[in-house]
Amino acid sequence: MRGTRPILGFFLPLGVIAILAILLVYSLIGLAQTERKMRIDASTNMVWVLSRAEAASLRFAQALARLELGASSQDDIELRYDILLSRLGLIDEGPQRRRMIALGYEEELEQTVQAARELEPLVSNAASTDLAHARDIAESIAVWLARAANAAMVAEWNELGGQLDQYRGEIWQIIIWLVGIAVAGGILSAYLIHSLVVSRRRTELLYRERDFSSLLVASSGEGILAFDRDLRCSLWNDAMGRLIGWSSERAVGTTLAEISGFFAIEGIARPFREALEGTSSSISDKALFHPDSTDARYVDMRCFPLKDDEQIIGAIAFIGDVTERHAAQRELARHRDHLEELVAARTRELIAALERERAATELYSNFATMVSHQFRTPLAIVDSTLQRLIRRREHVSADEMVARAHTARSAIARLIRLVESTLDAARLDAGQIELSSEPFGINALVTAVCARQREETPDREIILATKTDNALSVMCDPAHAEHALANLVSNAVKYSPPETPVRLDIEATSTHVRCLVHSEGDPIPDADRDKLFERYFRGRNSAGKTGIGVGLYMARALARMQGGEVELVESRHDGTVFSLVLPLPGAATGAKVSERPGG
């Protein structure tokens, strides 16, 4: 009978725990399966997809109706048509198409998509199209989509009803399993409570035992120290002797303060006092110095009161040597700090890379938007001019044809300039622009730029206010230096009032020559000044002006490649001044040029 009790006490809770675990596993599996079945597949939500497509077709029909009334534009029609095609394309692929086939709408879907695609020629030239016919097709598509949405909704509700019935049965099954878990848990709890009562009784008996097993204490690798209420040692094992340097015979009967100053430290004496007051406590990582060594060892200490019935007769302390653990923790902390530094450095690098990526993304996004707009304008002018010539081909006079041809050529020239600017920027970025510096007369350079600008804008006044000695030359590549200065002059003409002149001055110093370009008009906003020389940047005052924002960028890059610079000198209400700085021949070797007054 006595032999069967331990076996029963072991296997009974083990069996209950096994049953509890099995029921819990089955419950979790059932819940996971039910949850997976209850998920809604967003990709097959046909009601939403069909309703969005229906809305797109209705908006397209409305746009056609507004175009008949003159309240819409060709761009709006094309936008609505593209949205409709994208919605129908979504229905005609992947799980949506399979859903439509399951509903029996495969043939009607293909007919609808074909009908929508056949509208493309009508949409591309909506101004001369039978808009009523196109609108009828769009409205018929909307009607079919509404009917398909209703059918999809009915099918989904039917499927959902069947799934709910299935889920209800599975949930009841899980509830039964949970009831079984509760029963098994109750049995286990009752057994544990019984075991706890028995264990408490045995613990009370152990606390009344006054004698310790000398073999157990002596063989312990952890230092064991017992003392009475006067802090006089009553138990001292060999491990304590190795830590403190006192033998058991010498330590027993001696006060702790006499044994070692370590026990007089406030942090160590406090747990002793608390144990004598009936409170258990512990401390960690305290330094302890052995009399024969200058290196500190680190110990953990746990202190417990010793009771006789309810009376505290002393306390017992367990002191363990944790020097290796302490060293490992310090090494771990050092590695952690090092890793944190590495992570912080890497984080800073990643943040910097992210900022560069964001800046590049914003740069090319702005470039794409701006180029699309700037390229489309001259193409639209050419297209409009040619369409008018085609429509009025039998009534066009020679003078009108010449005038319209000049308009188209002007737009084409503008487009060519935009393309050349873009290609120049690309060649500059790729390092494909080569320079060959040579002495070149500054007067000839500035005069050529002024003459070319007068040809391009004969209605604008370009003034060369200051000339220098014809022998004064600068070190430059004439073509690229002229390109840089021409960009500054062109910008001055573009962004100043038409009735105001653009003035050029030349100043010479001992090492370089400055070409100053003055223009009148509103000053450059402060927020734009830091970005003026960035590629593809266009300021707040560029609305309605042609260009792609590479003029100043190209001018500065070309000047710097020749040892010069392009700068914004000033921008106030009385005018804006940019300068092109080019070096004098021999300036790099210390040659001197006499100072010349600026104009």
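1. Start with the contact between helices α4 and α5. On the α4 side, Arg97, Met100 and Ile101 take part, and they meet Glu106, Leu109 and Glu110 in α5. By class, this contact holds three nonpolar, no polar and three charged residues. Note that the model is a predicted one.

2. Now the geometry of that pair. Helix α4 covers residues 94–103 and helix α5 covers residues 106–117. Their axes lie 7 Å apart, and the packing angle is about 125 degrees. The two helices are therefore oblique to each other.

3. The crossing of α15 past α16 is right-handed.

4. Which residues in α15 and α16 meet? From α15 come Leu445, Val446, Ala448, Val449, Arg452 and Gln453. From α16 come Pro478, Ala481, Glu482, Leu485, Ala486, Val489, Ser490 and Val493. The contact of α15 with α16 divides into 10 nonpolar, two polar and two charged residues.

5. Next, the open sheet. It has five strands, in the order β2-β1-β5-β4-β3, and the pairing is antiparallel. The edges are β2 (233–236) and β3 (281–289). Each edge strand has a single partner strand, so one side of each lacks a neighbour in the sheet. On average, neighbouring strands of this sheet are turned by 25 degrees against each other, direction ignored.

6. Inside that sheet, look at β4 and β5. Strand β4 spans residues 296–308 and strand β5 spans residues 311–321. They run antiparallel and are joined by 10 bridges. Met301 stands opposite Ile319 in β5.

7. A helix also lies across strands of this sheet. Helix α12 (residues 266–276) lies across β1 (223–228), β3, β4 and β5. Relative to β4, α12 runs at about 15 degrees.

8. Turn to strand β10, residues 512–519. Is β10 largely enclosed or largely open? Six of its eight residues are buried, so β10 is largely enclosed by the rest of the structure.

9. β10 has β9 as a partner. Strand β9 (residues 502–508) and β10 run antiparallel, with six bridges between them. One of the facing pairs is Leu504 with Val517 in β10. β9 and β10 form a hairpin, with three residues between the strands.

10. β10 also pairs with β12. Eight bridges join β10 and β12, and these strands run antiparallel. His518 has Val577 in β12 as its bridge partner.

11. Strand β11 (residues 565–572) and strand β12 (residues 575–583) are antiparallel partners over seven bridges. Across from Val577 in β12 stands Glu570.

12. How many residues lie between β11 and β12 in their hairpin? Two residues lie between these strands. In the hairpin of β9 and β10, three residues lie between the strands.

Technical notes: Residues numbered from 1 in each chain as written. Predicted model: local features only at pLDDT ≥ 70, side-chain atom pairs only at ≥ 80, totals over all residues. Heavy atoms only, no water. Pairing = 2+ DSSP bridges. Helix = DSSP H or I, 4+ residues; strand = E, 2+ residues; numbered from the N terminus. Axes fitted to C-alpha atoms, helices over the stretch in contact; angles between N-to-C directions. Parallel < 35°, antiparallel > 145°, perpendicular 65-115°, else oblique. Contact = heavy atoms within 4.5 Å. Nonpolar A, V, L, I, M, F, W, Y, C, P; charged D, E, K, R; others polar. Left-handed = near helix turned anticlockwise from the far one by under 90°. Buried < 20%, exposed > 50% of the residue type's maximum accessible area, 1.4 Å probe, protein only.
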